[in-house]
Amino acid sequence: MLSVENVDLSYGAAQVLWNVSLEAAPGEITCVLGRNGVGKTSLLRGIVGHQAVGKGRVMWNGKDISKLPPFERARRGIAYVPQGREIFPLLTVRENLETGFASLKGGRHKIPDEVFELFPVLKSMLSRRGGDLSGGQQQQLAIGRAMVAAPEIMILDEPTEGIQPSVIKDIGRAITYLRDSRSMAILLVEQYFEFACELADRFAVMDRGQVVVSGDQSGMMDENVRKYLTV
Ligand SMILES: Nc1ncnc2c1ncn2[C@@H]1O[C@H](COP(=O)(O)OP(=O)(O)O)[C@@H](O)[C@H]1O
Ligand SMILES: [Mg+2]
């Protein structure tokens, strides 16, 4: 269970999050919605440790992880699929997937078959360089890499951004599979509202660095949600 408690976050003198609280539970997809620039990515960076939180705490399975470096959080089962994917362009697909082993204990590891079952295209491209893949293939690779680390929670930042519809379907199917078969907690930042609606069990809407509405799936169609999302 991930629990973000009353978190503030700043870049130097510029505060971008105010008193943000949020939970993500096993076997549930929690969707964070909001327009550009409201602080969604900053919130995820605070959770995974790429940016220090000010006031407040990030709790994971009952422990305060706010001060742990990113690799320690990864070791404890927190996987991050960043906005823009950030795969390694010069490494092959196989090598990109193998970087996911870094946060696992022990020596010998195998890439799980389910990565290739969910994303068959990766199997046929194992020796290609990451940088030669299309945007959609790179997104599948980024999710596959996160799966390799066998996480308890997967945190994804706008995985559908700039991706063609057929691949968006595959990504939705993969996320649902991880929730249902692994009872994984999923924290999903999305701007593609219909995609979010199909997947989410619960949601939180952000505006100007704060969570302004939250609830379970049944409340997502409310006018009160829409008004924060339409430009
Ligand atoms: N590295 C950074 N340094 C300074 N300001 C930043 C940095 N990253 C983001 N910001 C600012 O923080 C605010 C929230 O950005 P971000 O978290 O990326 O929002 P979102 O993901 O919702 O689009 C924006 O005003 C943005 O300009
Ligand atoms: Mg963002």
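**View 1. The residues around ligand 1.** Ten names make up this shell: Tyr11, Val16, Arg35, Asn36, Gly37, Val38, Gly39, Lys40, Thr41 and Ser42, each having a heavy atom within 4 Å of the ligand. The model is predicted: local features need pLDDT of at least 70, side-chain atom pairs count only at pLDDT 80 or more, and totals for chains, interfaces and linings use all residues. Residues are numbered from 1 along each chain as its sequence is written, chains are lettered from A and ligands numbered from 1 in the order in which they are written, and side-chain values use heavy atoms, with hydrogens and water left out. Sorted by class, the shell has 3 nonpolar, 5 polar and 2 charged residues (nonpolar: Ala, Val, Leu, Ile, Met, Phe, Trp, Tyr, Cys and Pro; charged: Asp, Glu, Lys and Arg; polar: the others, Gly among them).

**View 2. Polar contacts with ligand 1.** Here we look at pairs of N or O atoms within 3.5 Å. A polar side-chain atom of lysine 40 sits 2.8 Å from an oxygen atom of ligand 1. On its own, ligand 1 has 560 Å² of accessible area, and the protein covers 56% of it (Shrake-Rupley method, 1.4 Å probe).

View 3. Spanning residues 40–48, α1 gives the most to the shell around ligand 1, with 3 residues (helices are DSSP runs of H or I, at least four residues, and strands are runs of E, at least two, numbered from the N terminus). Of its 9 residues, 7 are buried, so α1 is largely enclosed by the rest of the structure. Those buried residues are Lys40, Ser42, Leu43, Leu44, Gly46, Ile47 and Val48 (buried means under 20% relative accessible area, exposed over 50%, partly exposed in between, with a 1.4 Å probe and protein chains only). Just after the helix, glycine 49 takes a positive phi of about 95 degrees.

**View 4. An aromatic pair.** The structure holds 1 such pair. Tyrosine 192 and phenylalanine 195 are stacked, at 5.9 Å centre to centre and 15 degrees between the planes (ring centres of Phe, Tyr and Trp, the last by its six-membered ring, must lie within 6.5 Å; planes under 30 degrees apart count as stacked, over 60 as edge-to-face and the rest as tilted). Tyrosine 192 is partly exposed, at 37% relative accessible area, whereas phenylalanine 195 is buried, at 6%.

Notes:
Polar contact = N/O pair within 3.5 Å; in protein donor to acceptor, adjacent residues only side chain to side chain.
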